[in-house]
Amino acid sequence: MVDLFLNRVLVENNTDQDELNTEREIVGILENRILMLFFASSECENCQEFIPVLNDFFKRLKDPAYIEYPKLLALVYISLDKSEAQQERFLNELHKKVLFLAFEDPYRNELKAMFKVKSVPTVVVLRPDGSVLSPNAVQDICSYGIDCFRDWQESAEVIERSFMLNEDFDNLNMRSATDPVRRLKYKTEDDKRKKRWWKLWVKGKDENEEEEKDGAWDRKRKDGDKGIWRIR
């Protein structure tokens with residue numbers, strides 16, 4: 001996933017709009033994180049309505065006021081605006097920890113084609129290895145909020161024991177009724193292959209145990225033929 005932005009310039013959405021243009025900076029901010037690519041346009045009414053939802057989702061996972069270790073998620077805004085002024089207006093509405101590509105960077109359109117974005121808003125969710133976890137998570141974010149992020153973590157195998165929301169301290173194990181459905185949604189062929197491998201391993205182990213039992217019984221029978229039987 002880091003490779004997606006190596007040799008590119010990411011800009012932080014802070015007051016100074018600091019540029020991250022070295023490999024060390026890109027790796028430092030994206031490595032071992034789930035990455036959200038937010039494709040949107042300021043002219044899109046649905047995008048405007050989605051901004052408050054996305055900002056709330058993002059800050060509850062990144063803001064120290066809500067979470068103690070905010071380092072498992074990165075959000076990059078991929079502007080599909082028609083002018084730099086439109087992009088700037090849209091960025092003013094987004095969280096200050098959001099990253100973005102400069103308006104003049106043609107890589108914006110390359111990413112749009114790469115992930116086959118047909119409409120906006122679209123939030124493509126990527127695992128740390130760069131594989132697609134969700135081609136568009138807008139509906140999940142709107143419906144389930146931060147609960148869907150926990151499912152992304154588990155599916156991407158990015159589990160950090162220190163990751164915990166402050167409001168969850170008194171209720172650590174609670175999950176919503178729709179949680180099993182959401183978790184099933186993010187199952188991949190890799191997960192299925194792991195299950196097949198486990199079943200084969202267990203089957204082989206059981207067969208070995210049966211062979212050992214048969215061998216032990218044969219030895220007992222041989223010992224019995226020699227007259228070594230004990231009566232209890």
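Three elements, α1 (23-30), α2 (45-62) and β4 (73-79), each give at least two residues to the lining of the second largest pocket. This is a predicted model, where local features need pLDDT of at least 70, side-chain atom pairs count only at pLDDT 80 or more, and totals for chains, interfaces and linings use all residues. Residues are numbered from 1 along each chain as its sequence is written, and side-chain values use heavy atoms, with hydrogens and water left out.

**The protein overall**
- You'll find eight helices and seven strands here; these are DSSP runs (helices: H or I, at least four residues; strands: E, at least two), numbered from the N terminus.
- Of the 232 residues in the protein, 37% are buried (under 20% relative accessible area with a 1.4 Å probe, protein chains only; exposed is over 50%, partly exposed in between).

**The second largest pocket**
- A pocket is found on a 1 Å grid over the protein atoms alone: an open set of points where a 1.4 Å probe fits, with protein on both sides within 12 Å along at least five of seven lines, and lining residues have an atom within 4 Å of a point.
- This one holds about 220 Å³ of space, a volume being the space filled by probe spheres set on the points, which are joined across faces, edges and corners.
- Its lining has 14 residues, and E12, I29, K62, K97 and L99 lie nearest the centre.
- β4 provides the largest share of that lining, with three residues.
- By type, the lining splits into seven nonpolar, two polar and five charged residues (nonpolar: Ala, Val, Leu, Ile, Met, Phe, Trp, Tyr, Cys and Pro; charged: Asp, Glu, Lys and Arg; polar: the others, Gly among them).

**Helix α3**
- In α3 (residues 84-93), the buried residues are Q86, Q87, F90 and L91.
- They sit on the same side of α3 because they cover an arc of only 135° around the axis, taken from the directions from the helix axis to the C-beta atoms.
- Over on the other side of α3, R89 and N92 are exposed.
- The cover over the buried residues of α3 includes β3 (34-40), α2, β4, β5 (99-101) and α4 (107-114).

- Most residues other than glycine have a negative phi, and most peptide bonds are trans.
- N7, though not a glycine, has a positive phi of about 65°; N7 lies in the segment before β1 (10-12) and is exposed, at 82% relative accessible area.
- K116 isn't a glycine either, yet has a positive phi of about 55°.
- The peptide bond from V120 to P121 is cis, with omega near 0°, and P121 lies in the loop between α4 and β6 (122-126).

Terms used:
Contact = heavy atoms within 4.5 Å.
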